[in-house]
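Subject: Handover of a structure

Dear colleague,

I am passing this structure on to you, and I would be grateful if you could look through it before reading my notes. The sequence and the coordinates come first, and what was found in them follows below.

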Amino acid sequence: MRWVYLDNNATTPVLPEVLEAMRPYFGEHFGNASSIHHHGQETRAAVERARESVAALLGCRASEVVFTSGGTEADNLAIFGLTSGGLVRPGDHIVTSTIEHHAVLNACKHLAAQGCEVTYIPVDGRGLVDLADVKRAIRPNTKLITIMFANNETGVVEPVAEIGKIAAEADIYFHTDAVQAAGKIAIDVKQIGCDLLTISGHKLHGPQGAGALYVRKGTPLEPMLYGGSHERSRRAGTENVPGIVGLGKAAELARAGLERGEDLKMAASRDHLERELLGIEATGLNGEGAPRVPNTTNIYFDGIEGEALVIALDLKGLAVSTGAACSSGAIEPSHVLTAMGLLPDRAKASIRFSLGKQNVAEDVDFALGLIPETVGRLRELSPVWAGAGVVSRKFAR
Ligand code: PLP
């Protein structure tokens with residue numbers, strides 16, 4: 001059976017070169033990077049080389065990179081690091097958006113429970129925040145703006161450089177979750193003007209469980225973990241050397257790929273997939289009209305249950321996903337798509353297709369060979385499907 005994986009926003013396969021780079025650090029190079037003997041020096045050098053590679057991808061200094069266990073920890077370190085540093089106190093105000101990943105949303109929710117005020121900036125029908133809303137949200141007690149770079153469900157790219165300007169003018173710290181942007185589009189922290197930026201290894205063909213937070217020099221950040229003085233006392237704990245080495249190699253390959261224009265090739269494959277799928281009746285693009293990362297398309301197929309389509313395609317060898325989450329036994333529509341104004345039924349009929357470096361043109365052909373027929377069959381079985389004209393009244397506003 002042929003398996004095709006188009007769910008690279010969930011996680012990407014580790015590239016062979018990344019695995020090769022990591023392998024010695026599970027074996028002969030096993031030292032603790034804090035040890036002063038030869039074994040420690042060897043792994044310390046590898047960690048510092050990886051730090052240089054991540055810094056090169058982000059356009060920052062190596063000393064501004066803090067390694068973490070992934071995107072979730074980096075997001076939490078950014079938000080709580082400023083909080084417990086005494087910069088954000090109960091009564092202080094944080095600005096975020098309605099479409100953030102739960103790593104940011106739930107961190108903000110926790111701060112709200114501790115007495116911080118949180119403003120959630122809405123998005124328009126394309127999935128974009130309005131800069132005027134960001135400006136309007138700022139109050140004298142605003143301490144942090146945290147708005148994502150690229151959305152994980154739609155791939156929509158937010159105007160982060162403009163938000164960075166607004167934050168700088170108002171003298172407010174700015175964090176951006178760039179987990180879904182890193183490796184897909186060029187990132188330059190100076191151009192964005194952010195103080196903190198999150199990336200995650202497993203979204204750019206590195207290993208799971210390794211990530212990094214860019215911390216602009218001079219940003220006061222309290223650690224969340226107390227222990228040794230690792231990572232310049234910003235993140236205690238013996239370094240995950242194989243993971244960090246893998247993240248470094250993945251960052252190096254991502255940068256080289258962007259320089260070669262691989263992002264443009266990926267966008268062409270994505271656009272081909274998207275065009276063909278939008279040819280199916282009663283479909284539409286979520287995020288239409290907004291700038292997007294080159295690997296993601298999110299499409300609704302009115303009259304079907306997204307979960308049913310994911311399962312039917314999986315049985316035929318194609319892995320895709322819905323943004324919907326199963327919570328307390330019921331399938332909840334995606335908070336991102338509903339924030340964009342989709343009614344719950346249309347949000348639940350939406351599927352995310354996300355390409356990775358391992359995908360070839362035949363993978364898109366394989367997907368296109370399966371999806372129209374599968375959507376048609378599910379619609380025949382659907383109690384709500386009575387043809388495009390009828391169903392669109394139920395699904396659209
Ligand atoms: N932020 C975004 C936008 C993500 O897509 C993800 C993962 O899905 C995360 C944060 C969390 O990263 P990690 O899985 O490395 O904890």
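One feature to look at is a pair of helices, α11 and α14, where α11 passes α14 in a right-handed crossing. Please bear in mind throughout that this is a predicted model. Helix α11 covers residues 306–315 and helix α14 covers residues 361–381, and the two pack at an angle of about 130 degrees, with 10 Å between their axes. Because of that angle, α11 counts as oblique to α14. On the α11 side the contact is formed by A308, L309, A312 and L313, while α14 contributes L370, I371, T374, V375, R377 and L378. Sorted by class, the residues of this contact comprise 8 nonpolar, 1 polar and 1 charged.

Helix α14 also packs against helix α10, which spans residues 262–277; here the angle is about 10 degrees and the axes are again 10 Å apart. The two helices, α10 and α14, are therefore roughly parallel to each other. From α10 the residues in contact are S269, H272, L273, E276 and L277, and they meet V364, D365, A367, L368 and I371 of α14. This contact of α10 with α14 divides into 6 nonpolar, 2 polar and 2 charged residues.

Elsewhere, helix α2 (residues 38–58) and helix α9 (residues 241–259) cross at roughly 35 degrees, and their axes come within 8 Å. The crossing of these two helices, α2 and α9, is left-handed. Among the residues that meet there are A46, A50 and V54 in α2, and I244, L247 and A251 in α9. Taken by class, the contact of α2 with α9 holds 12 nonpolar, 3 polar and 2 charged residues.

Finally, there is the ligand, which is surrounded by 13 residues, the closest being G71, T72, D177, S200 and K203. A polar side-chain atom of Q180 lies 2.8 Å from an oxygen atom of the ligand, and for H101 the distance from a polar side-chain atom to a ligand oxygen atom is 3.3 Å.

Key. Residues are numbered from 1 along each chain as its sequence is written. This is a predicted model: local features need pLDDT of at least 70, side-chain atom pairs count only at pLDDT 80 or more; totals for chains, interfaces and linings use all residues. Side-chain values use heavy atoms; hydrogens and water are left out. Axes are lines fitted to C-alpha atoms, for helices over the stretch in contact, and angles run from 0 to 180 degrees between N-to-C directions. Helices (H or I, at least four residues) and strands (E, at least two) are DSSP runs, numbered from the N terminus. Angles under 35 degrees count as roughly parallel, over 145 as roughly antiparallel, 65 to 115 as roughly perpendicular and the rest as oblique. A crossing is left-handed if the near helix is turned anticlockwise from the far one by less than a right angle, and right-handed if clockwise. Contact means heavy atoms within 4.5 Å. Ala, Val, Leu, Ile, Met, Phe, Trp, Tyr, Cys and Pro count as nonpolar, Asp, Glu, Lys and Arg as charged, and the others, Gly among them, as polar. A residue is near a molecule or strand if one of its heavy atoms lies within 4 Å of it. A polar contact is a pair of N or O atoms within 3.5 Å; within protein, one must be able to donate a hydrogen and the other to accept it, and residues adjacent in sequence count only if both atoms are side-chain atoms.
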